[in-house]
Amino acid sequence: MPHRVVVLALDGALPFELGIPQRIFGRSLGTEPDGRARKLYEVVTCSIRPPGPVRTDADFAVLVEHGPEALATADTVVVPASYELGPVFEEGRLTEELAAALALVRPGTRMVSICTGSYVLAAAGYLDGRPATTHWSSADHFQRIFPQVRVDPDVLFIDDGDVLTSAGVAAGIDLCLHLVRRDHGAAVANEIARRTVVPPHRDGGQAQYIHRPLPEPQFATTTAARAWALARLDRPILLRDMAEQEAMSVRTFTRRFREEVGISPGQWLTQQRVERARQLLESTDLSIDQVARDAGFGTATSLRQHLQAALGVPPTVYRRTFRSSADA
């Protein structure tokens, strides 16, 4: 059976965020042994009331066909942002209606929030003593209302195992793609990202917003250097080599790169090499030594260290897990 994702639509929902789970999970496909496509997730949307219209923050409502009983069937619950959270936002307290709906969620269900949906998870106690994030503009208020939560306002999303939180809007896409990658591997996540025309991977620890102003349009960017590096990940790449692609000094390039990408060039290179290694482990029979060389890590030992740090598993376990998943 497909993994069942239940999206909780609350009054005041933001239509964009409300549609993200269906767009990402609903379009994620695997392959049957006979080559036919199969849906990896079943996505349903529910309300905390009987089926009917739910207000949005736009000039239209959405007709939701499932009531709160759908939450009892979920493998994953997603709570998108809402601008009408009332006492949840103002006092950190669930309404009786919302509390009754969330009480239907089975123990062990994966809980996910997009943007200020984190207020709902926190008010329900899911985030007590745990790391979490929310939209940067609400982070200070969120921390005051929920002092028991370890708030990180600077990241795109936080994966704390069975509870995951994201910043606003596009970070919700990043988090859903991260879950697809976690569940089914990089190849499936990259394909849905390609169909959605979004970057296949932005690490959760990447900066949520940019403190300094963006470069003016007429100024040079680091786009060409990134494309140049991606085409030769299997070779040594020095910072000065990347800076030369943009005709910048190393200092200027490093500053501009961090302004545009949110992390340092070295961190970005490591992320891209981990992603390349994941793809090779999933889709080829190359030896671990060869995967290490092709991804630019040089040795199997280096690959093992970086994959362990990024994913918590060594290359052989990663390959076995996602080869088995693809064959299922």
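## Helix 13, end to end

Helix 13 (residues 300-311) has 12 residues, and from its first C-alpha to its last it reaches 16 Å, close to the 16 Å expected at 1.5 Å a residue. That expected span is 1.5 Å times one less than the number of residues in the helix. Helices here are DSSP runs of H or I with at least four residues, strands are runs of E with at least two, and both are numbered from the N terminus.

Which residues of helix 13 are buried? They are Ala300, Ser302, Leu303 and Leu307. Buried means under 20% relative accessible area, exposed means over 50%, and partly exposed lies in between, using a 1.4 Å probe and protein chains only. Looking down the axis of helix 13, you would see its buried residues fall within an arc of 155°, so they line one face of the helix. The arc is that of the directions from the helix axis to the C-beta atoms. An α-helix has 3.6 residues a turn, so residues three or four places apart point the same way. On the face of helix 13 turned away from its buried side sit the exposed residues Gln305 and Ala309. After helix 13 comes Gly312, whose phi is positive, near 80°.

## How the model was read

This is a predicted model, in which local features need pLDDT of at least 70, side-chain atom pairs count only at pLDDT 80 or more, and totals for chains, interfaces and linings use all residues. Residues are numbered from 1 along each chain as its sequence is written, and side-chain values use heavy atoms, leaving out hydrogens and water.

The predictor's confidence in each residue is called pLDDT and runs from 0 to 100. The protein averages a pLDDT of 90, and 92% of the residues score at least 70. Over residues 209-218, pLDDT stays under 50, and the model has 13 contacts for them beyond four places in sequence. Contact means heavy atoms within 4.5 Å.

## Rings that meet

How many aromatic pairs does a search of the whole structure find? It finds seven. Rings of Phe, Tyr and Trp (its six-membered ring) pair if their centres lie within 6.5 Å; planes under 30 degrees apart count as stacked, over 60 as edge-to-face and the rest as tilted. Phe25 is in the loop between helix 1 (15-24) and strand 2 (29-31), while Tyr41 is in strand 4 (residues 41-46), 16 residues apart. Both Phe25 and Tyr41 are buried.

Tyr119 and Phe146 make an edge-to-face pair, 5.9 Å centre to centre with 70° between the planes. Tyr119 lies in helix 4 (residues 118-123) and Phe146 in the loop between helix 5 (139-145) and strand 10 (150-151), so the pair ties together parts that are 27 residues apart in sequence. Tyr119 is buried at a relative accessible area of 0%, and Phe146 is buried at 1%. Phe89, Tyr119, Phe142 and Phe146 form one aromatic cluster.

## Two residues and their neighbours

Ala122 has its place in helix 4 and is buried, with a relative accessible area of 3%. Not counting residues up to four places away in sequence, Ala122 touches Leu127, Asp128, Phe142, Phe146 and Val149.

His178 is found in helix 6 (residues 170-184) and counts as buried at 17% relative accessibility. Leaving aside neighbours within four places in sequence, His178 is in contact with Phe157, Asp159 and Leu164.
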